[in-house]
Amino acid sequence: MESLQEIIKVQGLVKRYGDFTAVDGSEFSVHKGEVFGLLGPNGAGKTTTLEMLVGLRKPDDGTAMVGGFDITRELDKVKEVIGVQLQSTTLFELLTVEEILHLYGSFYRDHISIPDLIEDMLLTEKKDSRIKGLSGGQKQRLAIALALVHDPQIIFLDEPTTGLDPQARRTLWDIILRLKDRGKTVVLTTHYMDEAHVLCDRIAIMDQGKLIALDTPGELVKNLQSDSAVEFRFDEEADVVLEEIEAVKQVGSQKDVHILYTDDLQKTLTSLIATASEKELKLVDLQTRTATLEDVFIHMTGRRLREG
Amino acid sequence: MRAYYQLTLAQLRIFLRNRQVLFWTLAFPIFLMIMLGSFLGNGNGISLTVAVVDQDKSEQSKVLVEELKKNKAISIEKSSDEKDMLQQLKDGDLQLVVTIPEGYGKSVGAGGNAEPFKLPVYYNETNLTVSQVGLQLVNNAVDTISKKQVDYKPAVVTDSKGVEALNLRYIDFLVPGIVAMMIMSNNMNGVAGQISSWRERGILRRMQGTTLKASTFIAAQITARFMLNGLQAMIVLGVAWAVFGIEVRGSWLTVIAFVTLGTLAFMAIGFIIAGIAKTPESAGPIAGFLSFPMLFLGGVFFPIKDMPEFLQPIVQILPIAHLSHALRETMNVGASFMNLGMEAVILGCWLVGAFIAASFTFKWE
């Protein structure tokens, strides 16, 4: 982090709703030009954190510097250097793509060429269509176009791909990576591990309002200290001490699904099957895989990113 | 400034593309005006049915009945059953009952300095306005007879000349009321509904994430609505002119000034409702709760004078009462803006007060 420039510096942000603490003293920095991911399950405080950074919610405590400006005191200046795409926003449905871009462009002192922006976001065919008639992916690309209309340095994207089909997600990933190539800083929230892995230079994992890990995707997985995971269920309630199975480094269990982390897949599997036979238990849904960010999360919190 | 222009343009586009809303907000007042205007438009407002119970049946009593018949506003119903007539009066089928008791002819015929004959006239206190007019008309008839009897030569007479311009029909009364109603509902209900639904859908929230100022947003909203309402008011006035021959007797500038004041005042109230309403679903009933009483108490369809006494203080502070009154005075009588200073001041107070309240209740989300 030596020569990296901190473009966002979050200092002890706290947000409470009554007795519930949605964000509990987050501290992190985002470097200029990186794609920074906030990963966590629903209700972890990702969106609340992001909304405090863009000035939509007032923090109860702490502050943050965004693009060199304090979000509690210089919000107007912050808004000039950031672009925002919010979760589940609707737009004026009766306006056309081109009209709404001109409208949002007018909210800022300056805006980039609207036709170029439309082309960049692959919306040229749809520029005269009303927003009402756009597909989910097109609407999301339009939402990102609106965030870019004033050429901001930092772009905040709140769950940009939630609810999109795989094709539309990949198109969006390309767009986000292109933004990074152009030197923009991108902060995004997601609860898809594959997405975080593909897009993000660094990931902050949040759970229950707290930041529980922050590193590159590769490092996070490496820190798990195991490269394989064995996932299975028993067909009935079983009284087995899974930690005693050979070569198991960690155990993650959730309801009736058990996950064993190991560096020696063969040893663990043999031992597991032997133990099961010995206790006359039947293994169901047995699968092995390399450890992923999801496992990092399960390991740290004992819960999955997406419940159910 | 660019944001203001773009937002106004966007709002006008939204209005024009929302054909259904556009059609019905215009169709309703026009439909109402044509319906009410065709049914009631040509009446002179009050019709009286007076029952005469002639128990005397003398020459003189016939003269009295003839005298009453001369007045075109009165339709006479002759009867001999006083009780039945009084019951009808109570039921509201009749407005007055005049009984000519036995001995009337003799008493009047005797003339001279005897005690004046007392003619019983029954009326229903619950319908005071109409009764008063009726009593006045009967008095006139009786007065004429009395004067004839004593060979009275008046020293001064009034020379009443009906001025055609002020021969007001119900439709003349109705049209300014309809315009006021349209201004109220389009602005108050319109703003409340739209802003609360935009808030619910996160449209306002997204704009809050930009450098756009709330004041610019509100100013553009007001401008666009004002343009649309001005246009709608003109269309309604145009239809009124084409169908009923209604014209604006006063200055158009005064009409425009009051349309402006009314639009702004009701829009401000709409912003308050939008601020209070937690969901778009609750904005409708709240706006309805305010607009319905105003519709019936505010002098839109019936003159405020007809309202019961105890409601008068409430009626007098309703903004719509002053808007409809001011429009009526301008259109019907040709009053100048200066003559309507009171109405302008009261609407102005509503406007300022409501905008202050609205600025405290306005929320982006």
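Modeller: Leaving aside neighbours within four places in sequence, B:Val179 is in contact with B:Ala233, B:Val236, B:Leu237 and B:Leu327. Please bear in mind throughout that this is a predicted model.

Biologist: What makes these residues count as contacts of B:Val179?

Modeller: The criterion is that two C-beta atoms, placed from the backbone, lie within 7 Å, and B:Ala233, B:Val236, B:Leu237 and B:Leu327 are the residues listed for B:Val179 once its neighbours within four places in sequence are set aside.

Biologist: Which residues have the most contacts inside the largest nonpolar core?

Modeller: They are A:Ala145, A:Phe156, B:Val179, B:Ala265 and B:Ala268, in a core of 145 residues. The largest share of this core, 15 residues, is contributed by helix 7 (residues 170–200) of chain B. Another core lies apart from it and has 19 residues, including B:Val53, B:Leu68, B:Ile74 and B:Val98.

Biologist: Why is B:Gly262 called buried?

Modeller: The cut-off for a buried residue is 20 or more other C-beta atoms within 10 Å, and B:Gly262 counts as buried because it has 29 C-beta neighbours inside 10 Å. B:Gly262 is placed in helix 10 (residues 252–276) of chain B, and, not counting residues up to four places away in sequence, B:Gly262 touches B:Ala180, B:Ile183, B:Leu323 and B:Leu347. The C-alpha atoms of B:Gly262 and B:Ala233, which are 29 residues apart along the chain, are separated by 12 Å.

Biologist: Turning to chain A, how do you know that helix 3 is mostly covered?

Modeller: Helix 3 (residues 97–106) of chain A has 10 residues, and eight of them are buried. Those eight are A:Val97, A:Glu99, A:Ile100, A:Leu101, A:Leu103, A:Tyr104, A:Gly105 and A:Ser106. They pack against helix 4 (114–120) and helix 5 (136–148) of chain A, together with helix 1 of chain B.

Biologist: What does chain B give to the contact with chain A?

Modeller: Chain B gives 19 residues to the contact, and chain A gives 21. On the side of chain B that touches chain A, the elements giving two or more residues are helix 1 (2–17) and helix 8 (203–208) of chain B. Helix 1 of chain B provides the largest share of that side, eight residues. By class, that side of chain B holds six nonpolar, seven polar and six charged residues.

Biologist: What makes strand 7 of chain A mostly covered?

Modeller: Five of the five residues in strand 7 (residues 154–158) of chain A are buried. A:Ile154, A:Phe156 and A:Asp158 point one way from strand 7 of chain A, while A:Ile155 and A:Leu157 point the other way, and all are buried. In a regular strand the side chains alternate between the two faces of the sheet.

Biologist: How do you know which strands pair with strand 7 of chain A, and in which sense, parallel or antiparallel?

Modeller: Pairing requires at least two bridges between the strands. Strand 6 (residues 82–85) of chain A is joined to strand 7 of chain A by four bridges, and the two run parallel. Strand 7 of chain A also pairs with strand 8 (residues 185–190) of chain A over five bridges, in the parallel sense, and both counts therefore meet the requirement of at least two. A:Leu157 stands opposite A:Gln85, and in strand 8 of chain A the bridge partner of A:Leu157 is A:Leu188.

Biologist: Why are strand 2 and strand 5 of chain A called edge strands?

Modeller: Four strands of chain A form an open sheet in the order 2-1-4-5, with antiparallel pairing. Strand 2 (20–31) and strand 5 (69–70) of chain A each pair on one side only, and they are the edge strands. A:Met65 stands opposite A:Asp70 in strand 5 of chain A. Helix 1 (residues 46–53) of chain A lies across strand 1 (6–17), strand 2 and strand 4 of chain A, running at about 120° to strand 1 of chain A.

Biologist: How many domains does the assignment give for chain A, and how far apart are their C-alpha centres?

Modeller: The assignment gives domain 1 (6–217) and domain 2 (225–290), and their C-alpha centres lie 40 Å apart.

Conventions: Residues are numbered from 1 along each chain as its sequence is written. Chains are lettered from A and ligands numbered from 1 in the order in which they are written. This is a predicted model: local features need pLDDT of at least 70, side-chain atom pairs count only at pLDDT 80 or more; totals for chains, interfaces and linings use all residues. Axes are lines fitted to C-alpha atoms, for helices over the stretch in contact, and angles run from 0 to 180 degrees between N-to-C directions. Domain bounds come from an automatic or database domain assignment. Ala, Val, Leu, Ile, Met, Phe, Trp, Tyr, Cys and Pro count as nonpolar, Asp, Glu, Lys and Arg as charged, and the others, Gly among them, as polar. A nonpolar core is a set of buried Ala, Val, Leu, Ile, Met, Phe, Trp, Tyr and Cys residues joined through C-beta atoms within 7 Å. A residue is buried if 20 or more other C-beta atoms lie within 10 Å of its own, exposed if 12 or fewer, and partly exposed in between; C-beta atoms are placed from the backbone.
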